[in-house]
Amino acid sequence: MKKRRSFGVRVDCVVNGRFCGRCCHQTEMPLTEEDIATIEGLGFKREDFVVVIDGIPRLRNVNGRCYFLDESNRCRIYEHRPVGCRIYPVVLDVETGKAVVDDICPRRDSVSSRDLRRAGTILRKLVRKIYSRRPQQRFSPSSP
Ligand code: SF4
């Protein structure tokens, strides 16, 4: 499978000699249809990694960790991870609607203002895409 060519915020996820993985615990990361299709193309089954909450498909947690996070806190699908994961630690502040750097990320200070602007643009498109499809979701509800 071809690597996905899309912008990503580059941060060094190794903290104190170990992969951090903090952002991949209790994830609520929403998924686009393209994200799901890409991951299915790797051989994973939708029902294994997708959970639908309020009509929005999201990454499933298993024992409080993203389905794709391995024991060393590495992403098993890193090269093909969802768009929202690529632009993390830039997230949307639900109160202001603005793109901000998530303060739980130990590497938050390494995100440049240029990256924040670019990621913000992608994030707003992503939110529009996910919410515009919401009424037509073809997923059956399942529990987290
Ligand atoms: S898909 Fe990968 S980067 Fe995204 S939350 Fe899961 S483990 Fe983390």
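Among contacts in this chain between residues at least 6 apart in sequence, 69% join residues at least 24 apart. Two residues are in contact if their C-beta atoms, placed from the backbone, lie within 7 Å. Please note that this is a predicted model, in which local features need pLDDT of at least 70, side-chain atom pairs count only at pLDDT 80 or more, and totals for chains, interfaces and linings use all residues. Residues are numbered from 1 along each chain as its sequence is written.

The secondary structure consists of four helices and eight strands. Helices (H or I, at least four residues) and strands (E, at least two) are DSSP runs, numbered from the N terminus. Read from that terminus, the order is β-β-α-α-β-β-β-β-α-β-β-α.

Let us turn to burial. A residue is buried if 20 or more other C-beta atoms lie within 10 Å of its own, exposed if 12 or fewer, and partly exposed in between; here too, C-beta atoms are placed from the backbone. Of the 144 residues in the chain, 24% are buried.

Which residues of helix α1 are buried? In α1, residues 33-40, they are Asp35, Thr38 and Ile39. These residues lie on the same side of α1, because they cover an arc of only 95° around the axis. The arc is that of the directions from the helix axis to the C-beta atoms. In general, an α-helix has 3.6 residues a turn, so residues three or four places apart point the same way. The cover over the buried residues of α1 includes α2 (46-49) and α3.

Next comes the largest nonpolar core, which has 24 residues. A nonpolar core is a set of buried Ala, Val, Leu, Ile, Met, Phe, Trp, Tyr and Cys residues joined through C-beta atoms within 7 Å. The members that touch the most other members are Val9, Ile87, Tyr88 and Val90. At least two residues of this core come from each of α3, β7 and α4 (113-132), and α4 gives the most, with four residues. Leaving aside residues up to four places away in sequence, Ile87 touches Gly8, Val9, Ala119, Ile122 and Leu123.

Pro89 lies in the loop between α3 (83-87) and β7 (90-92).

Now consider β3 and β4, which pair in the antiparallel sense over four bridges. Two strands pair if DSSP finds at least two bridges between them. Val50 stands opposite Leu59 in β4. The hairpin of β3 and β4 has two residues between the strands, and Asp54 takes a positive phi near 50° there. Is Asp54 buried or exposed? Asp54 counts as exposed, because it has 7 C-beta neighbours inside 10 Å.

Asn63 likewise has a positive phi of about 50° although it is not a glycine. The loop between β5 (61-62) and β6 (65-66) holds Asn63. With 5 C-beta neighbours inside 10 Å, Asn63 is therefore exposed.

Finally, the ligand. Among the residues that surround it are Cys24, Leu59, Cys66, Cys75, Arg81 and Cys85; a residue is near a molecule if its C-beta atom, placed from the backbone, lies within 6 Å of it. By class, the shell has 10 nonpolar, one polar and one charged residues. Ala, Val, Leu, Ile, Met, Phe, Trp, Tyr, Cys and Pro count as nonpolar, Asp, Glu, Lys and Arg as charged, and the others, Gly among them, as polar.
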